[in-house]
Amino acid sequence: MKPFAKWTDAHGMMAEPDNMIVRKISDMASAYSDQAKVQELLAAGDPVVYEMLEASVPSVAGELAFCTTTMRPGLVGDEYFMTKGHYHEDETTAEIYYTISGSGILLAETENNDHCCLEMKKGSIIHVEPGWAHRTYNTGDEPLVFLAVYPATAGHNYKKIEQGGFSHTVTKGENGPTVVENARR
Ligand code: S6P
Ligand code: ZN
């Protein structure tokens, strides 16, 4: 494979991606604490929460995969729109998140419940250590757009999150985004 370039549009989203994944509330209904609100949103048309636009690279050691994610602003009850969240299948792999626009929080967590939150806003570069599950929240009023770069062999383990959940979540508090214990656990 030869070196190649991808471009982003005016919103920072990858132009001409090789693959697109759209996630709606119905794709991650169990992630949210307020299940009554989930049902309301499903009845109201099942809104899109985020879109991932991916470049295709071979899944072999040495390659780097990358994609842009665009998260819509929104709330499910008082919990911000979030990504599904995952561990990497290969837990020795790290990841870089570069925020292009909007504002949010990246929540990272280990299996022994160590957790940390990092602010995402235009220009922030976050390094996610190997072995840390990660999930992002759009805490602003605009789309949150970011680029993620990770080893092409990393793989995504969503099951562990669906079964165990994160120990914390991010809600809209009186003084802005607030990290609280996750009632889904
Ligand atoms: C991939 C990286 C991101 C996420 C994306 C959506 O390793 O962490 O590109 O895939 O932000 O999140 P999720 O949890 O649905 O994959
Ligand atoms: Zn990842």
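## Strand pairing in the predicted model

Strand 2 and strand 3 (residues 64-71) are joined by five bridges and run antiparallel. The model is predicted, and the pairings described here are computed from it.

Strand 2 itself covers residues 48-54, and seven of its seven residues are buried, so the strand is largely enclosed by the rest of the structure. Buried here means under 20% relative accessible area.

A further group of three strands forms an open sheet in the order 9-8-11, with antiparallel pairing. Strand 9 (115-121) and strand 11 (133-138) are the edge strands; each has a single partner strand, so one side of each lacks a neighbour in the sheet. On average, neighbouring strands of this sheet are turned by 20 degrees against each other, direction ignored.

Within that sheet, strand 8 (residues 103-109) and strand 11 pair over six bridges, antiparallel. Glycine 104 stands opposite asparagine 138 of strand 11. Strands of a sheet pair through backbone hydrogen bonds, either parallel or antiparallel.

The bridge counts are set out below.

| Strand pair | Bridges | Sense |
|---|---|---|
| Strand 2 and strand 3 | five bridges | antiparallel |
| Strand 8 and strand 11 | six bridges | antiparallel |

How values were computed:
Residues are numbered from 1 along each chain as its sequence is written. Chains are lettered from A and ligands numbered from 1 in the order in which they are written. This is a predicted model: local features need pLDDT of at least 70, side-chain atom pairs count only at pLDDT 80 or more; totals for chains, interfaces and linings use all residues. Side-chain values use heavy atoms; hydrogens and water are left out. Two strands pair if DSSP finds at least two bridges between them. Helices (H or I, at least four residues) and strands (E, at least two) are DSSP runs, numbered from the N terminus. Axes are lines fitted to C-alpha atoms, for helices over the stretch in contact, and angles run from 0 to 180 degrees between N-to-C directions. Buried means under 20% relative accessible area, exposed over 50%, partly exposed in between (1.4 Å probe, protein chains only).
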